Amino acid sequence: MKPSSFMFLLICSAACTNLKLISKRNSVDGCIDWSVDLKKYRVLAGEPVRVKCALFYSYIRTNYTMAQSTKLRLIWYKNKGDSEEPIIFSGHRLSKEDDSIWFRSAELQDNGFYTCVLRNSTYCMKVSMSLTVEEHDSGLCYNSKIRYLEKAEITKSKTIACPDIEDYIAPYKQPMMTWYKECQKTTWRSSIIVNTTSVTIPEIEEGDGGNFTCELKYGSRVVRRTIELKVTALLTVKPPKVLFPLENQPNVIDVQLGMPFSLDCRAFFGYSGESKPIIYWMKGEKFVEELEGHIRETEVRVLKEYLGEKEVELSLTFDAVEENDTGNYTCYVENHIGRRHGSVILQKKDMYRVELAGGLGAILLLLGFLTAIYKCYNVEIMLCYRRHFGSDETEDDNKEYDAYLSYTKVDLESLDHETSEEEQFALEILPDVLEKHYGYKLFIPDRDLIPSSIYIEDLARSVEQSRRLIIVLTPEFVAKRGWSIFQLENRLHSMLVTGEIKVIMIECTDLKGVMNYQEVEALKHSIKVLSVVKWKGPNSNQLKSKFWKQILYEMPAKKKETLSHRQVLDSGEQGLFGDLQTVSTIAMTTTSASLAPAHMEIPDFNQTNHPQMRHYCRDYEYELSSSPVPITAMGNRHMYCNIPMTVLNGQVAHNNSGKKKPEIHLNSTFVPLSARELTSDIW
C-alpha cells in the first residue's frame, strides 16, 4: 500500500473518532466539508491575530509537518458569499506560516470566514474559521461585542485568566502584561492576587463585577482581551417558590361571565445557571394548549432580577369568561431541584354581593371625601354652623369681658427701639380687629387696670370676669417672663389647671431658641383647656386669612356687633368725661366707686413725684394740638387711652405740700404712644 493511501486512511479514521459534535456539511467532489469550527477569533482593529487551521487541532490526528510529508497541500480561502477565493499572501500585513494565517495588523475589512483545505489528487478535507474585527467603543479600551464572559458566584473564589494569548507569548520569556478594571488602572484590595496572566479573587463581592482588561506587549504592538465578569447569587439548592396563588391555601376568585379576565401567577426562582424559568398553567389534568381557544398564556415576564435570582410572572388570559371556564386552575413552577404549585378556584360572581359591596364602597368613599373636606375646612364649617344655628355663649354667664388680652406694654426706656411686626400685631392689629371688626369686649391690663396695692387681686378678678384668656407669645414676652403671673398667683394658676377659663395662645414666631421657652412648654402642659394658634407674619393680618377664622372659632360665640353698636359709656358712667363718647372700650373694674361730681379738681399728673405719671394715650388718626385743650373738648377725637382709675373714680391724690393742683392739659399730661415704647408684662 502506498504511504499516501495509508495517511489518507489514518486521517479519515481520526476524523471519525474526533467529531466533537461537529457534523459534515456536505461532500462534493470527494472533499469532506466540516463546516464552521466552534472556535471564534476576536480582535480589535490594529492588533495582531493568528488564525489556525482547525483540521490539525480538532479533526485529524496529525500535524502540519506530517501532512506535508505525505504530499498533502494546505490551501487557504476567504469566503465571499457562496464562493471561496484563494488568499494571496503579501508577506507584509498578511502572511502564511505553517498551519496558520498571521495578520500583523487586523483591519475591519478582514472580517469574515476563512477556510483551510487539506488535499491531494485523491482526497480533500476542509473546515472554516470565523474572524471578527471591531473598533473599540467610544471612550473605552474594548468593544462590548467581542468581550469574553465569565460568571462568579458571590462569596466564592474566582480566577480570571487572560484568554487566547498563547500565540503571543515567547517560550521561556516572562510576558509583559498589565491589568485594568473598566479601562483604568486600579488599586486592588489586599486579598486580590494579581499575577502576570491572571487575577485571583478569593471571595467574590457584588462590586467585583465589571470589565477586566489584560494588555500584553507583543513587539511594537499590544494584544488586549476584555473579560466581562458577572457576579451571581449562589446556585440554588431549592425548588422555585410560588408567590401567587399561595401554596397549600384555598384561593377563590369571583369572575363575571362574558367579561375578559386575566389570572396571574408569580414565582421566585433562585439562581440556577443558564437554565430558564419553567412556569406554566394547567386546568385539572389539561395543559392550556388543550383548552378552548379563548384561553391563552402570555409570555413569561421578569418582574425583578438580582444577581441571577428572578421574580417572574405568567398570565392566563380569557377573552370572555364562559360558564364552563369556572373550576380549578393550577400554576406549576420547577427547576432542576424540584416542582411546586399553587391553585385558584374560579367561580361565578354573585351580582347581589357585588352591588352590596359597590354600595358600601361608595359610602366609604363618600365618608372619606367628607372627612377630607372636614379636615381641610373644619374651622369654616364650625363657624358657619355657629353663625346660623349656634347660641349666644355670652348670655347669662355673668361675665363682663369676652377676653383678657395679655401682651406687651409701654416701656419709656425703649423709645428708640424699632417696632417689630410681632409687636405691631400684638399691640395694634389684634385688639383693633377683635374690638372694632368683630365687636368683642377685651380687658387689656395696660389700658384698663391701674397698678395699686391690690393690683394682683384686681388682675385675678379681671381674669375671672373674662370668658377667654388670650396670651400673645412674642419673643420679648417669653424672654421677660410676662406669663409668670399665671404660675405665681394661686387663683390664676387654679383657673388654668381646673379649666375654669379657656386659654388661647397666639405664637407669633418660632420661639424654640428664646430663653425660658421650655418653661412656656411646661405652662402649656399645665393648662387644661388650651388652643394654640400660629401667627405667620403679615399675611395672617388679612381678615380673610385662616388665622382670623381660627381666632374667631376659639372666641365666645355671640352675635356679630357692627361698629355702630359698639359699647359706649352710659349716662351713669360718663361723669366728667361725658364728651368721650368715641373712646375705645374704657373698661372699669367691678370695685370702682361712682364717678366724682363735675366740680372736682383734676390732679396734675405731670409732676415727677406723682405715682401715676406714667400713663399715656395713643391717637391713631392725627397729631395732638400744640395748644392746651380742656379734656371736655375731646368729644370728636378717637383716642386709645390708659386713664388713671383715680381720675375715673373722682379721687384726688394727696401729697404733703397741700397745694392746689392745676387744671390738666392734653399736651402736658397725655403723650401719644408709639410702637417703639413697648415691652412685655401683663400686670
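Visitor: What is the mean pLDDT of the chain?
Guide: This is a predicted model. In it, 75% of the residues reach a pLDDT of 70 or more. The mean over the chain is 76.

Visitor: Which stretches have a pLDDT below 50?
Guide: Where pLDDT is low, the predicted coordinates should not be read in detail. One such stretch has 39 contacts beyond near neighbours in sequence, and it covers residues 1–28. Another has 226 contacts of that kind in the model, and it covers residues 561–683.

Visitor: Which residues of helix α12 are buried?
Guide: Helix α12 spans residues 546–554. Buried here means under 20% relative accessible area. In α12 the buried residues are F547, W548, I551 and E554.

Visitor: Within what arc do the buried residues of α12 fall?
Guide: Look down the axis of α12. The buried residues line one face of the helix, because they fall within an arc of 125°.

Visitor: What covers the buried residues of α12?
Guide: The cover includes a helix, α5 (421–437). It also includes the strands β30 (468–473), β31 (502–507) and β32 (530–534).

Visitor: Which residues form a cluster through ring pairs?
Guide: Two of the buried residues of α12 are F547 and W548. Ring pairs link both of them into a cluster with two further residues. The members are F425, W535, F547 and W548.

Visitor: How many aromatic pairs are there, and how are W102 and Y218 arranged?
Guide: The count comes to 17 aromatic pairs. In one of them, W102 and Y218 have their ring centres 6.3 Å apart.

Visitor: Is W102 buried or exposed?
Guide: W102 has a relative accessibility of 8%. The cut-off for buried is under 20%. So W102 counts as buried.

Visitor: How are the rings of F318 and Y329 arranged, stacked or edge-to-face?
Guide: Their ring centres are 5.8 Å apart. F318 lies in strand β24 (residues 309–318) and Y329 in strand β25 (residues 327–334). Their planes stand at 85°, so the pair is edge-to-face.

Visitor: What are the relative accessible areas of F318 and Y329?
Guide: Both residues are buried. For F318 the value is 3%. For Y329 the value is 1%.

Visitor: Which residue in β14 stands opposite I160?
Guide: Four bridges join β11 to β14 (residues 198–201). The two strands run antiparallel. Opposite I160 stands V199.

Visitor: Which residue in the hairpin of β4 and β5 takes a positive phi?
Guide: Strands β4 (residues 73–80) and β5 (residues 83–86) run antiparallel, joined by four bridges. The hairpin has two residues between the strands. The positive phi, near 70°, belongs to G81.

Technical notes
Residues are numbered from 1 along each chain as its sequence is written. This is a predicted model: local features need pLDDT of at least 70, side-chain atom pairs count only at pLDDT 80 or more; totals for chains, interfaces and linings use all residues. Side-chain values use heavy atoms; hydrogens and water are left out. Buried means under 20% relative accessible area, exposed over 50%, partly exposed in between (1.4 Å probe, protein chains only). The arc is that of the directions from the helix axis to the C-beta atoms. Contact means heavy atoms within 4.5 Å. Two strands pair if DSSP finds at least two bridges between them. pLDDT is the predictor's confidence in each residue, from 0 to 100. Rings of Phe, Tyr and Trp (its six-membered ring) pair if their centres lie within 6.5 Å; planes under 30 degrees apart count as stacked, over 60 as edge-to-face and the rest as tilted.
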